[in-house]
Amino acid sequence: FSCAFARDEKLTAGEKAATLDALRAKLAAAFAAKKPVTCGTNKGVAVPGVHGNHAYAVLGYDRAADLISLWNPHGQDFTPKGPAGVAAGYPTKDGRFRMPLPEFAAVFADLAFETDAPAGGPS
């Protein structure tokens, strides 16, 4: 699932909102089915404490609060110098942090969801 929609200036606010709603539903379904979810960033991420060109695990999604829980396998701690958010970063302990889903979509590049489909290609 690509998060490029959040940065696409050609899409209307309504189109972005609809795609964000689709992402919410996909995350909720994945965690209800106990399926692993991963995500990654592109090079050049400008959020303090979030590494560019890096993979993260998605630990959960709180639909009521619209927060995504992430884990950086490097396991670092980070304390923002200012209010938590894209400008200052997010409080991180042992690589674990949470961020609002709309901010996640604006920062992260993509997500990968486990499926029940068999692996393709030659055996």
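Student: Why is Cys39 called buried?

Tutor: This is a predicted model, and its values are computed. Cys39 has a relative accessible area of 5%. Buried means under 20%, so Cys39 is buried.

Student: Where is Cys39 found, and what is it in contact with?

Tutor: Cys39 is in strand β1. Leaving aside neighbours within four places in sequence, its contacts include His54, Tyr56, Leu70, Phe104, Phe108 and Leu111.

Student: Which residues have the most contacts inside the largest nonpolar core?

Tutor: They are Leu27, Leu70, Met99, Phe104, Phe108 and Leu111. That core has 26 residues. Among the elements that each supply at least two of its residues are α1 (13-32), β1 (37-40) and α2 (101-107).

Student: What does Met99 touch, not counting residues up to four places away in sequence?

Tutor: Met99 touches Asp66, Leu67, Ile68, Leu70, Tyr90, Phe104, Val107 and Phe108.

Student: How do you know that the radius of gyration agrees with a compact globule?

Tutor: With 123 residues, a compact globule would have a radius of gyration near 14 Å. The protein chain has 15 Å, so the value agrees.

Student: How many helices and strands are there, and in what order do they run?

Tutor: The protein chain has two helices and five strands. From the N terminus on, they run α-β-β-β-β-α-β.

Student: What share of the residues is buried?

Tutor: Buried residues make up 37% of the 123 in the protein chain.

Conventions:
Residues numbered from 1 in each chain as written. Predicted model: local features only at pLDDT ≥ 70, side-chain atom pairs only at ≥ 80, totals over all residues. Heavy atoms only, no water. Core = buried A, V, L, I, M, F, W, Y, C linked by side-chain atoms within 4.5 Å. Buried < 20%, exposed > 50% of the residue type's maximum accessible area, 1.4 Å probe, protein only. Helix = DSSP H or I, 4+ residues; strand = E, 2+ residues; numbered from the N terminus. Contact = heavy atoms within 4.5 Å. Rg over C-alpha atoms; globule rule 2.2 N^0.38 Å.
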